[in-house]
Amino acid sequence: MKPTRRGPLTCAQREWFLDVGIDADSPWSSAANFTGVVDGAGAPVGVALAAIGDLLDRHEGLRTLLPVTGPGVREQHVLPAAERLGEVVRVAPAGTEADAAIAAATATAFRLGEQPPVLFVLAVAAGAVRRIGIVADHSAVDGWGMRVLRSDFLQALRSRMGGRAAFDGGPAPEQPLETAEWETSAPGLAHAERAEAHWRRQLGALRDGLSGWRPEGGTAAADPVLRSRWLASAHAARAAQAVATRAGVPVSAVYLTAFGSAIGLVEGSPCAGVQALAANRLSAGTQASVRKAVMPVPVLVPGGGDLTARLAATASNQLHGHRFANLDPARAAAVSAEILGELAGTGAAVARFNYIDASIVGSAANSRSLGAEAIPFTDPAVQDRVTEQPDRPGGSRYILSVQHRPAAALMTIACHLDTAWAPAAGDMLRHVEAVLVRAAG
């Protein structure tokens, strides 16, 4: 089938494949899928199908293939909405059969060059849709995008049931191909220059902060294995909220400072450089889009001195970076290698940090972890113990994440088995919790 449009990937898409390219099209790629379940509102099946068609028509990324066109190169191939509808919908009787169908969809390893990156499972009883499971590949959406996807679908469903046009008013979503075209335009290239200048300043400060420190260990494994540990903690969430309020900084900066302390403890480094994931949605069109936009930006986390000063410095570095995440990942890697030298790629310099709260994914989605395991981290029954996830191939080499609510948080550390973090991941989480509780007094 011929695409209606084709072109290069966005910076955010290329960054995803650069970081976890080993996961793409692999049997374990489903580990990064986004999953949600929404109310079917008793809609007739035909109406639900029409609403899905409206959604695919509005968001090109949900009907875009990403075929490999050369060594390490992919393209976007946008396909007609109507012609792909049958590929993205599954219908099952409400109850155990629908539950099994949603679980199977969640476990889908999307073949990104051959199939659209989204699935809808309609749970049907007596011709009416009771629930709808939605599964999307992470290359197509991020946490913010999944919230937009759910909201736009429900709007389309309500409109179809009421006999109205699906999307009247509001900003039109930016399409991934439009983003890719802007990134190579004169304004896009001018922004890239400013972004690179920011990266150089942060990485230069990190290099100076790590002066005299050298990492232990050898080269990364050719076939990496990811180890994940998580800790659900009401104590950490309440403490982080209290410290942020008292210090006048974002809650994310409080967690980031505490994680920096844990990195310094394990690596023996005087400070930490963390690549904080920024929403990277600086326009109304991008905010209305489901597309994966999130990208990393370097943040220097001071390792010593007065806590209030460290919080302020971390928050400042994080805030300024939000404008400059959208840098070509190949260029970002080259700048990092140039400035950091042998420190590039180490646990003290490149750990990714992902902070999620209700403002990003919505309150309902933020009561459980966003992956297939759907951990109900607000439930006291799962709190206060470090839980081990099964080891799996691939994944980012070092990643820290937090899902925060004022009353509970889910903190995760994931890393490759050949890193110094792997045997210490559980202790690192306990250290972060202790730092937060101690800071809250």
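Let's start with helix α5 (residues 143-161), which lies across β2, β7 and β8 and runs at about 5° to β2. Here helices (H or I, at least four residues) and strands (E, at least two) are DSSP runs numbered from the N terminus, and angles, from 0 to 180 degrees, are taken between N-to-C directions of axes fitted to C-alpha atoms, for helices over the stretch in contact. Contact means heavy atoms within 4.5 Å. Keep in mind that this is a predicted model, where local features need pLDDT of at least 70 and side-chain atom pairs count only at pLDDT 80 or more, while totals for chains, interfaces and linings use all residues. Residues are numbered from 1 along each chain as its sequence is written, and side-chain values use heavy atoms, leaving out hydrogens and water.

The strands under discussion belong to an open sheet of 4 strands, in the order β2-β8-β7-β6 with mixed pairing; two strands pair if DSSP finds at least two bridges between them. Its edge strands, β2 (34-44) and β6 (89-93), each pair on one side only, and the twist averages 20° from one strand to the next. β2 pairs with strand β8 (residues 128-136) in the antiparallel sense over 8 bridges, and G36 has I134 in β8 as its bridge partner. Helix α4 (residues 96-106) also lies across β2, β6, β7 (118-125) and β8, at about 150° to β6.

Strand β9 (residues 225-233) pairs with β15 in the antiparallel sense over 8 bridges, and S228 stands opposite A414. Strand β14 (residues 398-405) also runs antiparallel to β15, joined by 8 bridges, and a hairpin of 2 residues connects β14 to β15.

Finally, look at R310 in helix α11 (residues 307-321). R310 is buried yet has no salt bridge, and the nearest side chain of opposite charge, D306, is 7.4 Å away. A salt bridge needs a side-chain nitrogen of Lys or Arg within 4 Å of a carboxyl oxygen of Asp or Glu; Lys and Arg count as positive and Asp and Glu as negative, with His and the chain ends not counted. Leaving aside neighbours within four places in sequence, R310 is in contact with T257, P302, G303, G304 and G305.

How values were computed. Buried means under 20% relative accessible area, exposed over 50%, partly exposed in between (1.4 Å probe, protein chains only).
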